[in-house]
Amino acid sequence: MSAAAEPAGPRPRRLTLSRVGVYVFLVGASAFFLLPLWAMVLTSLKPMSEIQQGDLFQLPHTPTFAAWSRAWSHACTGLACNGISVGFANSVKILVPSVVASIALGALTGYALAFYRVRGGNLVFAILLVGAFIPYQVFIYPLVRIFAWIGIYGTLTGIVVIHSIFGLPFMTLLFRNYYSSLPRELFNAARVDGAGFLGILRHVILPMSTPIVIVAVILQVTGIWNDFILGLTFAGLANQPMTVQLNNVVATTQGTVEYDVDMAATILTAALPLAVYLVSGRWFVRGIAAGAVKG
Amino acid sequence: MGAVSIRDVSVGFGAVNVLSGLSLDVADGEFVVLLGASGCGKSTLLNAIAGLIEVSAGQIWIGGRNVTWAEPKDRGIGMVFQSYSLYPRMTVEGNLSFGMRIAGKPADEVAKRVARAAGMLHLEPLLARRPAELSGGQRQRVAIGRALVKDADVFLFDEPLSNLDAKLRNELRVEIKKLHLELGSTMVYVTHDQVEALTLADRIAIMDRGVIQQFAGPREIYRRPANRFVADFIGSPAMNMFDGALEDGGRRFASPQGSADLSAYEFAGAARPARATMGVRPEHVAIGPAPAGHAALSGKVSIVEPMGGETVLWADCAGKPVSVKLDGETKAKPGDDMTLHFDPAEASLFDAASGARL
Ligand SMILES: Nc1ncnc2c1ncn2[C@@H]1O[C@H](COP(=O)(O)OP(=O)(O)OP(=O)(O)O)[C@@H](O)[C@H]1O
Ligand SMILES: [Mg+2]
């Protein structure tokens, strides 16, 4: 051992066997999830003649975006052949009010549960939690009847209300946990200053909520965009979201199956949540942790 | 307009009773300090006065009004919280003016009052900053300012200086004293710090486990503690305690360390139990032969602690360490034999069983 081996400065990092193992595992896992996407992208760029040759991972000889434009504006979804752009527009129309409404509602209930020791508050919270874990297929039939009776079944309002209701338990949980971690004395200070229920929420609590609102937006945007069954059931024919239309594109076949169009339509439908995940990975993980750790 | 009256108030958290049947009367314009060990219920009492926790029994009156069921904002109080609790997303100015803006006060009045509070607490250069951009002492001043802008009748301070260094603490202590003289409002002030309590208070309430042990002026608390708890709690080094017995129907106190003539001692009541404890403040003990009427002790010096302006000397008297506080310095060294004496009239006698003052 020479004097140069005396520990000083940053500790040298050695490549140990376990570290190599971790890398191998990570690369393998990434490949497992990325390969299908890769195959889809390749297929969507190939003309049908190349696809029929059968090699999934062969790079396209003559790449073409024809399938993408067909999927977007001409693919047949049932009887109409206007592509899934119609579905995209519907999904946006459903998404924006649903995300806003469910987060606003969740923030309000979470705030009330965290800061106001309302009588029965814990019971309400317990019921919400149970609600969050019951498969929602159970509720569909009764809700269809109720909505039909009120007269909002098959309307945009109907589907927005549905998303707000089903988003409520988890949004409440998310906001309640976040607000419980804020110091209570802050809330007390605002009370002494004379702010009321909504005043404290608006001036003191919401300005501190940016991180959790971002998390909630990510969760709700991906969740609502990916929804299929609620959109199919409650949105009505005129408002069918992109997922439902995609299903129709894939299911509607005359003659040969147009794999390229199917793939392009699928990627287009998945593009928004995919982009959200890619852009906001860090926040997304934080959201999952926030929902899971404290209860 | 700011007298505070707490009448038989009880507060509990679930099964734990933090305060039970506590009563306290604070006169208008008075500066009262709540002093007690950690967890004894000081913050709880303050929060009950503010209306931030519900009382399970009793009443709270502020300014002659029963406010037991009133909202915090309707009680005419300003409060400084133990952990500053500044609104993190607002500037200092926003923090100071929040209450007035919520109340819909006209902008020029808001500006005037913010300027006045900022002036009193030297916050002018900081008005545009966020709390995260302030030092601990600056935050503390903002927290005090936020309470002061309100022109409340009663100010509640929960350990407002606890997170500061000694120098800043002294400065702000003086500031608070000045503010009280200037504003003339009632102040209820919680602290752990004896010096703060003794210097600021008109009256001090010493609490132990949710019960007020003594409520009196600083001098009275210091010189005539109502029981052993108060005697031990106040003063540093702590009061010297000698366990012994009353003899001759209470005319003499005898202990292993020596005996004292009690003819000059003012008994608080008629009770004369056999077993008693005598407490003597370190600064009431002197070195040298005892003059007439004084009690004498002999001991061997064990430790000498010079503290700058004064010196604390510890002597071993018949197996009991006795502390002596001397002005200036001393030539005494560990190992020296010496005679000590004190005036029994300045001592305190406690019932050995109940701890109450005799
Ligand atoms: N929300 C609560 N739930 C249960 N117990 C509590 C709650 N708040 C306070 N307590 C208990 O009540 C007692 C008094 O608390 P309090 O905060 O009034 O003490 P304190 O005298 O202010 O102490 P410190 O000087 O440390 O601030 C403590 O024993 C504490 O554990
Ligand atoms: Mg406290």
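Over all chains, the count of salt bridges comes to 17. The structure is a predicted model.

**View 1. A nonpolar patch on the surface of chain A.** Seven named residues make this patch, which covers about 720 Å²: A:Leu15, A:Val20, A:Val22, A:Tyr23, A:Val24, A:Phe25 and A:Leu26. One of them, A:Val24, belongs to helix H1 of chain A, which runs over residues 17-45. A:Val24 has a relative accessibility of 57% and therefore counts as exposed, since the term applies over 50%.

View 2. Helix H5 of chain A comprises the 13 residues 121-133. At 1.5 Å a residue the helix should span 18 Å, and its end C-alpha atoms lie 19 Å apart, which agrees. Which residues of H5(A) are buried? They are A:Gly121, A:Phe125 and A:Leu128. These residues lie on the same side of H5(A), because they cover an arc of only 60° around the axis. An α-helix has 3.6 residues a turn, so residues three or four places apart point the same way. On the face turned away from the buried side are the exposed residues A:Asn122, A:Leu123, A:Ile127, A:Val130 and A:Phe133.

**View 3. Chain B as the setting for the remaining views.** Chain B contains eight helices and 20 strands. Its C-alpha trace spans about 70 × 45 × 35 Å along the principal axes. Of the 358 residues in chain B, 51% are buried. Contacts between residues at least 6 apart in sequence join residues at least 24 apart in 65% of cases. The accessible surface of chain B is about 15500 Å², and carbon and sulfur atoms account for 51% of that area.

View 4. B:Leu297 is part of strand E16, residues 295-306. With a relative accessibility of 5%, B:Leu297 counts as buried. Leaving aside residues up to four places away in sequence, B:Leu297 touches B:Phe242, B:Gln257, B:Cys317, B:Met338, B:Thr339, B:Leu340 and B:Phe342. B:Asn47 is found in helix H1 of chain B, residues 42-50. B:Asn47 also counts as buried, at 17% relative accessibility. With residues up to four places away again left out, B:Asn47 touches B:Leu52, B:Ile53 and B:Met79.

**View 5. A salt bridge within one helix of chain B.** Side chains of opposite charge can pair when their charged atoms come close. The side chains of B:Lys178 and B:Glu175 form a salt bridge, with 3.6 Å from N to O. Both residues lie in helix H5 of chain B (residues 166-183), three residues apart, about one turn of the helix. B:Lys178 is partly exposed at 45% relative accessibility, whereas B:Glu175 is buried, with a relative accessible area of 19%.

**View 6. A salt bridge between parts of chain B separated in sequence.** B:Arg223 and B:Glu346 meet through their side chains in a salt bridge of 3.1 Å, N to O. B:Arg223 lies in helix H7 (residues 218-223) of chain B and B:Glu346 in the loop between strands E19 (337-342) and E20 (348-351), so the pair ties together parts that are 123 residues apart in sequence. B:Arg223 is partly exposed, with a relative accessible area of 32%, and B:Glu346 is partly exposed at 30% relative accessibility.

Technical notes. Residues numbered from 1 in each chain as written. Chains lettered and ligands numbered in written order. Predicted model: local features only at pLDDT ≥ 70, side-chain atom pairs only at ≥ 80, totals over all residues. Heavy atoms only, no water. Patch = residues over 30% accessible without salt bridge, like charges linked within 9 Å, V, L, I, M, F, W, Y side chains within 5 Å. Areas by Shrake-Rupley, 256 points an atom, 1.4 Å probe, with all protein chains shown as cover. Salt bridge = Lys/Arg side-chain N within 4 Å of Asp/Glu carboxyl O. Helix = DSSP H or I, 4+ residues; strand = E, 2+ residues; numbered from the N terminus. Buried < 20%, exposed > 50% of the residue type's maximum accessible area, 1.4 Å probe, protein only. Expected span 1.5 Å × (residues − 1). Arc of directions from axis to C-beta. Contact = heavy atoms within 4.5 Å.
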